[in-house]
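User: I am new to this structure and would like a short tour. Could you put it up so that we can go through it together?

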Amino acid sequence: AQDCQVANIPVMQNFDKSRFAGKWYAVAKKDPVGLFLLDNVAATYVIDESGKMTANAYGRVIILNNWEMCANMFATFEDTPDPAKFKMTYWGAASYLQSGNDEHWAIDTDYDNYAIHYSCREVDMDGTCLDGYSFIFSRHPTGLRPEDQKIVTDKKKEICLLGKYRRVSHTGFCESS
Ligand code: DAO
């Protein structure tokens with residue numbers, strides 16, 4: 001049973017960031033207020049010799065009302081006592097892109113095919129998430145394998161976001177940049 005309290009959201013047990021490293025394609029996304037990354041989103045995570053995780057990501061965005069471009073984004077991660085929970089600092093290659101600090105939680109992953117990311121930006125008075133976002137990642141740009149879909153659906157339910165996702169398309173828009 002899930003009470004939808006952010007503090008009780010189950011995250012990946014014994015999360016291994018080295019196995020998580022590499023490229024992930026966003027195949028679905030639950031948007032936050034003032035969404036930024038639209039589609040053609042992928043993130044590549046790197047673990048350096050000292051064990052620090054960083055990432056670069058890209059995605060199609062629309063800035064200044066109507067200008068469409070591929071945003072190149074960077075992120076650094078601070079470890080926390082829970083190996084699945086990180087504090088993320090992110091910024092864009094250009095100053096007019098979004099930047100900030102977000103939670104970055106690994107909800108579940110098999111490392112080779114699917115991963116469920118979660119970030120609550122604002123916890124409500126009652127302890128539930130008022131504003132947050134979540135990516136469903138796949139190692140394959142074509143989407144999730146049929147055998148992973150049930151696992152992902154069950155996890156969406158556990159984190160109280162079932163029905164809140166939209167599909168993230170990969171059209172090649174950001175391939176050249
Ligand atoms: O798209 O609305 C949004 C929120 C995304 C914030 C930017 C994140 C950039 C770094 C991505 C790393 C992987 C989640």
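User: To start, does Asn14 count as buried or exposed?

Analyst: Asn14 counts as exposed, because its relative accessibility is 68% and the cut-off for exposed is over 50%. Please keep in mind that this is a predicted model.

User: Where is Asn14 found?

Analyst: Asn14 is found in the segment before α1. Its phi is near 50 degrees, which is a positive value in a residue other than glycine.

User: Which other residue has a positive phi, near 70 degrees?

Analyst: Tyr111 has a phi near 70 degrees, and it too is a residue other than glycine. Tyr111 lies in the loop that joins β6 (100–109) and β7 (114–123).

User: Is Tyr111 buried or exposed?

Analyst: Tyr111 counts as buried, because its relative accessibility is 6% and buried means under 20%.

User: Back to α1. What can you say about Lys17?

Analyst: Lys17 is found in helix α1, which covers residues 17–20. With a relative accessible area of 18%, Lys17 is buried.

User: Which side chain does the side chain of Lys17 make a polar contact with?

Analyst: That partner is Asp79; the two side chains make a polar contact at 3.1 Å.

User: Now the ligand. Which residues are around it?

Analyst: The residues around the ligand are Lys29, Pro32, Leu35, Phe36, Leu37, Tyr45, Ala57, Met88, Tyr90, Arg121, Tyr133 and Phe135. This shell divides into 10 nonpolar residues, two charged ones and no polar ones.

User: Which atoms lie 2.8 Å from an oxygen atom of the ligand?

Analyst: A polar side-chain atom of Lys29 lies at that distance, 2.8 Å, from a ligand oxygen. For Phe36, a backbone N or O atom lies 2.8 Å from an oxygen atom of the ligand. Leu37 also has a backbone N or O atom by a ligand oxygen, at 2.9 Å.

User: How much of the ligand's accessible area does the protein cover?

Analyst: The ligand has 430 Å² of accessible area on its own, and the protein covers 99% of this.

User: What kind of space does the ligand take?

Analyst: The space taken by the ligand is a cavity, and it is the largest cavity.

User: Which elements give two or more residues to the shell around the ligand?

Analyst: Those elements are the strands β5 (85–92) and β8 (129–138).

How values were computed:
Residues are numbered from 1 along each chain as its sequence is written. This is a predicted model: local features need pLDDT of at least 70, side-chain atom pairs count only at pLDDT 80 or more; totals for chains, interfaces and linings use all residues. Side-chain values use heavy atoms; hydrogens and water are left out. A residue is near a molecule or strand if one of its heavy atoms lies within 4 Å of it. A polar contact is a pair of N or O atoms within 3.5 Å; within protein, one must be able to donate a hydrogen and the other to accept it, and residues adjacent in sequence count only if both atoms are side-chain atoms. Accessible areas come from the Shrake-Rupley method with a 1.4 Å probe; for residues, only the protein chains shown count as cover. On a 1 Å grid over the protein atoms alone, a cavity is a set of points where a 1.4 Å probe fits but cannot get out, and a pocket is an open set with protein on both sides within 12 Å along at least five of seven lines; lining residues have an atom within 4 Å of a point. A molecule sits in a cavity or pocket if more than half of its atoms lie within 2 Å of its grid points. Helices (H or I, at least four residues) and strands (E, at least two) are DSSP runs, numbered from the N terminus. Ala, Val, Leu, Ile, Met, Phe, Trp, Tyr, Cys and Pro count as nonpolar, Asp, Glu, Lys and Arg as charged, and the others, Gly among them, as polar. Buried means under 20% relative accessible area, exposed over 50%, partly exposed in between (1.4 Å probe, protein chains only).
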